[in-house]
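Reader: Hi, I'm new to this one. Can you walk me through it?
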Amino acid sequence: MATEAYNFFAGFEWAIPSAFVDAIGACQFSRGDTLYSSSIAYREWNKEFYEKARGLYAIKILSPEAKPAPPSPSLFGNNWDTQAEVEVYKIGEQEGAKCFITTQGRIYSLLWRGDRSILNAATSAPLVPHQAGYLLKALKDIKSAISQLIMEKVSDARYFFALPHDVCSQLLEGKYQKLVYGLQRTHNVSVMDVSVATLPVPEASRIAPTVSLKLFVFRHDDESAIRESLKGLLYIQAVDKKSNTDKFRLNAHGLFAAV
């Protein structure tokens, strides 16, 4: 299959096809999973390929057997130190393969950072990456930086809503799609995708590469109308609601503020 037929995760040193979304989101790689250090390996392995593939690496998961459960931040953290067995080899030189008893987190770190030595248990254990919830807690402190980024792109912006996003999270992707569809129908809004690397967040380099910030930038709209729209799109009322108390908190989803 041609490389162009694949979509790859951004932010990883190795080439990770989007089909591995559950494995990446749950930090749970399974027997038979095979990944490569370059996207050119996801094509026909013909003579031309082998001429270009010198020095490229592959990792094959030997255990565990289980396939990943639907991703969640808690599952990701629970799986981080779980044992796994892998085989690493240069493409075209399988006879020189090395086997490692390692962890799921070390496999993830190799794919993210590109350092094969991290698979060895003798090296320092990698820290669990921060998830989207970490970025959510940091938003209030970086409000001015967000405003500056917005003004560089949308000079007449008045308000914004910042939504932490993770491409591996069905929940966050669902929120994002609801907001894109709903807000663009009713408001003069621009949508921006911001890399965490451009934000002054503490320990930004430790935030998972699947996490980013989605910005909904409003121009000439009424603040209360925007808040009501956001609530209507994000609020899910409990089926067995026993109280008439409004428990919706916009800041539980993201940051709404004036630019």
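Reader: First up, what percentage of the residues in the protein chain is buried?
Author: Buried residues make up 47% of the 259 residues. Keep in mind that this is a predicted model.

Reader: Noted. How many helices and strands does the chain have?
Author: The protein chain has eight helices and eight strands. Its C-alpha atoms fill a box of roughly 65 × 45 × 35 Å along the principal axes.

Reader: And what share of the contacts with a separation of 6 or more joins residues 24 or more positions apart?
Author: That share is 68%.

Reader: Let's pick a helix. Is α4 largely enclosed or open?
Author: Helix α4, residues 104–113, is largely enclosed by the rest of the structure, because nine of its 10 residues are buried.

Reader: Which ones are buried?
Author: In α4 they are Gln104, Gly105, Arg106, Ile107, Tyr108, Ser109, Leu110, Leu111 and Trp112.

Reader: What comes just after α4?
Author: Gly114 does, and it takes a positive phi of about 90 degrees.

Reader: Which residues other than glycine have a positive phi?
Author: Cys27 is one of them, with phi of about 50 degrees. Glu203 is another, with phi near 55 degrees. Most residues other than glycine have a negative phi.

Reader: Where are those two?
Author: Cys27 lies in the loop between α1 and β1. Glu203 lies in the loop between β6 (189–195) and β7 (211–218).

Reader: Buried or exposed, in the case of Cys27?
Author: Cys27 counts as buried, because its relative accessibility is 0%. Glu203 is partly exposed, with a relative accessible area of 46%.

Reader: Back to the loop between α1 and β1. What about Gln28?
Author: Gln28 lies in that loop too. At 12% relative accessibility, Gln28 counts as buried.

Reader: Which residues does Gln28 touch?
Author: Leaving out residues up to four places away in sequence, Gln28 touches Ala23, Ala66, Lys67, Pro68, Ala69, Asn79 and Gln104. With Asn79 there is a polar contact between the two side chains, at 3.5 Å.

Reader: How far is Gln28 from Pro64?
Author: They are 8.8 Å apart, C-alpha to C-alpha, and 36 residues apart in sequence. Pro64 sits in the loop between β2 and α3.

Reader: Is the peptide bond from Ser63 to Pro64 cis or trans?
Author: The bond is cis, with omega near 15 degrees. Most peptide bonds are trans.

Reader: New topic. What does the side chain of Ser37 reach?
Author: The backbone nitrogen of Tyr57, at 2.8 Å. Ser37 is in the loop between β1 and α2 (47–52). Beyond residues up to four places away in sequence, Ser37 touches Glu13, Trp14, Ala15, Leu56 and Tyr57.

Reader: What about Gly11, buried or exposed?
Author: Gly11 counts as exposed, at 52% relative accessibility. Gly11 is found in the segment before α1. Not counting residues up to four places away in sequence, Gly11 touches Trp112 and Pro209.

Reader: And Ala132, buried or exposed?
Author: Ala132 is buried, with a relative accessible area of 9%. Ala132 lies in helix α5, residues 132–138. Apart from neighbours within four places in sequence, Ala132 is in contact with Pro164, Leu172 and Val211.

Reader: Last one. At what angle do α7 and α8 cross?
Author: The axes of α7 (170–186) and α8 (223–234) cross at roughly 140 degrees and come within 10 Å. The two helices are therefore oblique to each other. The crossing of α7 and α8 is right-handed.

Reader: Which residues make that contact?
Author: From α7, they are Lys175, Lys178, Leu179, Gly182, Leu183 and Thr186. From α8, they are Ser229, Leu230, Leu233 and Leu234.

Reader: How do they divide by type?
Author: The contact of α7 with α8 has five nonpolar, three polar and two charged residues.

Definitions and conventions: Residues numbered from 1 in each chain as written. Predicted model: local features only at pLDDT ≥ 70, side-chain atom pairs only at ≥ 80, totals over all residues. Heavy atoms only, no water. Axes fitted to C-alpha atoms, helices over the stretch in contact; angles between N-to-C directions. Helix = DSSP H or I, 4+ residues; strand = E, 2+ residues; numbered from the N terminus. Parallel < 35°, antiparallel > 145°, perpendicular 65-115°, else oblique. Left-handed = near helix turned anticlockwise from the far one by under 90°. Contact = heavy atoms within 4.5 Å. Nonpolar A, V, L, I, M, F, W, Y, C, P; charged D, E, K, R; others polar. Buried < 20%, exposed > 50% of the residue type's maximum accessible area, 1.4 Å probe, protein only. Polar contact = N/O pair within 3.5 Å; in protein donor to acceptor, adjacent residues only side chain to side chain.
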